[in-house]
Amino acid sequence: MNEKAAQLAQRLIRNFDRAETRREQRAPLYDSVGARLGTGTAAEKLGASIDWVAPGMRSCPYHFHYAQEEMFIILQGSGTLRVAGERLPIVSGDIIFIPPGPEYPHQIINTSDAPLKYLSVSTREQPELVEYPDSGKYQASGRGGDGEPVRYLQRPSASLDYWQDEP
């Protein structure tokens, strides 16, 4: 492969079987291994990740996005999609579409005794606000003036008055 082809491959191609993974674990409910596939690529508006959720576990808290849209493709296993206060069965081959907004809080739960593997595809809307209904938290994220990512988590009870500490 010539140098230009190698550079293009680096910016445009990811293999989820060879991607660097990270384990997220918080007993007793959360245990998953994932790889963020879009990071470091030429993608500006799309994100992708691959996740493996351990039997009986969840990958992330129940939440919804105010800006980002998500799609989940179940590649292996079965489980439950907790969405909008309901629990829906999901199996290998299912494609789940989650639009932004408070109508569709969601969470994928592995309710089986085998690993659950899924591919996530999402828009990379910035800034973003995520709400966590179970814990009453909000997460605001975006890019600071220096281009570096910023992320803040808090509850409404910790909110400041608009005029606080202003001259």
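**Rings, pockets and backbone**

Trainee: How far from the centre of the ring of Y62 is the charged end of R82?
Mentor: A charge counts as sitting over a ring if NZ of Lys or CZ of Arg is within 6 Å of the ring centre and within 35 degrees of the ring normal. R82 places its charged end over the ring of Y62, and the distance to the ring centre is 3.6 Å.

Trainee: On what basis are such values computed?
Mentor: The model is predicted, with pLDDT of at least 70 needed for local features and 80 or more for side-chain atom pairs, while totals for chains, interfaces and linings use all residues. Side-chain values use heavy atoms, without hydrogens and water, and residues are numbered from 1 along each chain as its sequence is written.

Trainee: Which residue lies over the face of Y132?
Mentor: The criterion is the one used for charges over rings. At 5.5 Å from the ring centre of Y132, the residue over its face is K137.

Trainee: How many aromatic pairs are there?
Mentor: Rings of Phe, Tyr and Trp (its six-membered ring) pair if their centres lie within 6.5 Å; planes under 30 degrees apart are stacked, over 60 edge-to-face, and the rest tilted. Under this rule, the number of aromatic pairs is three.

Trainee: What is the geometry of the pair formed by F64 and Y66?
Mentor: The two ring centres of F64 and Y66 are 5.1 Å apart. With 55° between the planes, the pair is classed as tilted.

Trainee: Is F64 buried or exposed?
Mentor: Buried means under 20% relative accessible area, exposed over 50%, and partly exposed in between (1.4 Å probe, protein chains only). F64 has a relative accessible area of 4%, so F64 is buried.

Trainee: What angle lies between the planes of Y162 and W163?
Mentor: Y162 is exposed at 69% relative accessible area, and W163 is exposed at 60%. The rings of Y162 and W163 are 4.8 Å apart centre to centre. Their pair is edge-to-face, and the angle between the planes is 85°.

Trainee: Which strand gives the most to the lining of the second largest pocket?
Mentor: A pocket is an open set of points on a 1 Å grid over the protein atoms alone, where a 1.4 Å probe fits, with protein on both sides within 12 Å along at least five of seven lines; lining residues have an atom within 4 Å of a point. Helices (H or I, at least four residues) and strands (E, at least two) are DSSP runs numbered from the N terminus. α1 (3-12) and β3 (46-53) each supply at least two residues of this lining. With three residues, the main contributor is β3.

Trainee: How many residues line the second largest pocket?
Mentor: Those nearest its centre are L37, G38, T41, A43 and A48.

Trainee: What is omega for the bond from Q126 to P127?
Mentor: P127 lies in the loop between β10 (116-123) and β11 (128-132). The peptide bond from Q126 to P127 is cis, and its omega is near -5°.

Trainee: What is the phi of A84?
Mentor: A84 is in the loop between β6 (78-83) and β7 (86-91). A84 is partly exposed, with 42% relative accessible area. A84 is not a glycine, yet its phi is positive, at about 50°.

Trainee: How far is D165 from N2 in space?
Mentor: D165 lies in the segment after β13 (149-154), and is exposed at 72% relative accessibility. D165 also has a positive phi, near 65°. D165 and N2 are 163 residues apart in sequence, and their C-alpha to C-alpha distance is 58 Å.

Trainee: How many helices and strands does the chain have?
Mentor: In order from the N terminus, the elements run α-β-β-β-β-β-β-β-β-β-β-β-β-β. The secondary structure of the chain therefore comes, by the DSSP runs, to one helix and 13 strands.
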